[in-house]
Structures are given as structure tokens and as C-alpha cells.
Amino acid sequence: MAKVDLNCDMGESFGVYTLGLDAQVARYISSANVACGFHASDPVTMAKTVKILKENGVAAGAHPGFPDLLGFGRRNMNVSPADAKAYVQYQIGALQAFCMASGLTLQHVKPHGALYNMAGKDYALSRAICEGIAEVDDSLILLGLSGSEMLKAAKDVGLRAAKEVFADRAYEEDGSLVARTKPGAMITDEDEAIERVIGMVKYGKVKALTGKEIEIEANSVCVHGDGEKALAFVEKIRAALERENITIAPLHEIV
């Protein structure tokens, strides 16, 4: 029976500001990418998020981003590979502490936002991220964009890697994500999202923004936790996958 991970970004609230429906979403996913304080979150939010994951049996992953709270980590930054490596290690360490305190094992690392998108095309940046992960804990899984430089770097460094696809994002013909500033970048129709997910998971194909069908591999399906339909998406996508006899499982059972 086929297996796929269903993941969501979580813990992206900050202080008195709440973002996402973490407690509700956690009931339907198998892995979560937890913000580590650079693009979103704070120590109290991180602790609460880890508690939610443990209560729901969801695997925890670190979601390190650029130090850009105002831009939610979605603005490109000109940083050296060495700096990016340090950013990633610092953030992994922060979340790892809360996981250890709760008796939860950290499963994976998924870069966030602009760091994720830049690393997808920049091997040197990807290599620095992967080396940073491996030096902290080489049992951690890198969760990266299917077909990206991140996966190549992970292989070269000796990290396990999982190929990620997106339920609520459009693709360019080269397999990269359509920039959020472009029309059509976000998939907001639930039926369309479900159809695309089934196509990617079962058949390894998806239509790019241009209409061209491209090949893609899926170990994990992401739904953005800050999306207005995040809860409806994860609930309906999980049900659709199960109807197709596809088991929802955390990354460590897949790669």
C-alpha cells in the first residue's frame, strides 16, 4: 500500500497574535514544521506547539527561516552560506530543547519561506543548510522541494531526504513554486487542490501554471498552516488520500 506524509507549518503565532488553527489541524496531519523564532513564534508558542504535537501523535520538525519577523521570512536575504548554516543550527537547537523537555524526538528539518525557495535553486546554500543539520544530528530528515538542489545536497552530505509537494501552491515548468507575487500562485479551490494532490501522489504528475504537465515525486504533501482554508484542506485531502488507499504516515516511516 502506498504511503505519503501529510505536513503543515505550525507554531507561527507570536506573543498575543494568533496565526493558524494548530490544535484542530494537528488531528489530520502526520508531521508538522514548527517555527523556531526567526520568521515567527516565540518560546511560549514553541512549547505549546510541541505539546499539541505530542498529544496528537504528530512527528515534529524544525522550520528554520531567515531572521525576518516583519516579513514572515518570505523576503529574500543576501546571506553567506556560513551565516545560513548558523541560522539553521541555532533554530534546530531551540526546537530540539522543547522536544527533549517533552519527551518528543525531532524528526526532520524543513527550511521556511524565502530560505526554502532560494535553497531550491542554490546548491551552495542548500549544502550549507544540510551540513548544518548533519552536524547537529545526522539522523534528522531534510524535507525539501521535489526535484530541488536541496535534495541533491542532502544526498551529497549523507542526510536522508524527503521529497515535498504542495497542495495549495502552483508550479512553474521547472518544478519550482510560483512566486506569491504572481497571479495564480495560491490554490484556493478545495476540489482543485485535492485533484492535484492525488495526481502528484499516485501518478507523479502535476500541471504547471502554464498548463504544461510536469513530472514530480511526492513523499510528503504540505498544506500551509496560515492559509484561510488550512483546516478544510488537511481534512479533505486526508480523506481523499485514504479513499485512494494511500496511507498517511510520518516521514520516518517513508524515507
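# Strand pairing and ring pairs in a predicted model

Me: In which sense do strand β5 (residues 141–145) and strand β6 (residues 160–166) pair, and over how many bridges?
Reply: The model is predicted, so local features need pLDDT of at least 70, side-chain atom pairs count only at pLDDT 80 or more, and totals for chains, interfaces and linings use all residues. Numbering runs from 1 along each chain as its sequence is written, and side-chain values use heavy atoms, with hydrogens and water left out. Helices (H or I, at least four residues) and strands (E, at least two) are DSSP runs numbered from the N terminus, and two strands pair if DSSP finds at least two bridges between them. β5 and β6 pair in the parallel sense, over five bridges.

Me: Which residue of β9 stands opposite Phe-166?
Reply: β6 also pairs with strand β9 (residues 220–223), in the parallel sense over three bridges. Opposite Phe-166 stands Cys-222.

Me: What angle do the ring planes of Phe-38 and Tyr-87 make?
Reply: Rings of Phe, Tyr and Trp (its six-membered ring) pair if their centres lie within 6.5 Å; planes under 30 degrees apart count as stacked, over 60 as edge-to-face and the rest as tilted. The count comes to three aromatic pairs. Phe-38 and Tyr-87 form an edge-to-face pair, 5.9 Å centre to centre, with the planes at 65 degrees.

Me: Is Phe-38 buried or exposed?
Reply: Buried means under 20% relative accessible area, exposed over 50%, partly exposed in between (1.4 Å probe, protein chains only). Phe-38 has 17% relative accessibility, so Phe-38 counts as buried.

Me: Why is the pair of Tyr-116 and Phe-166 edge-to-face, and how many residues apart are they?
Reply: The ring centres of Tyr-116 and Phe-166 are 5.8 Å apart and their planes stand at 85 degrees, so the pair is edge-to-face. The pair links distant parts of the chain: Tyr-116 is in helix α4 (residues 113–121), Phe-166 in strand β6, and they are 50 residues apart.

Me: Which residue lies over the face of Tyr-116?
Reply: A charge sits over a ring if NZ of Lys or CZ of Arg is within 6 Å of the ring centre and within 35 degrees of the ring normal. At 5.6 Å from the ring centre of Tyr-116 lies Lys-110.

Me: Which residues does Ile-129 touch, not counting those up to four places away in sequence?
Reply: Ile-129 is in helix α5 (residues 123–136). Contact means heavy atoms within 4.5 Å. With residues up to four places away in sequence left out, Ile-129 touches Val-88, Pro-111, Leu-115 and Ala-119.
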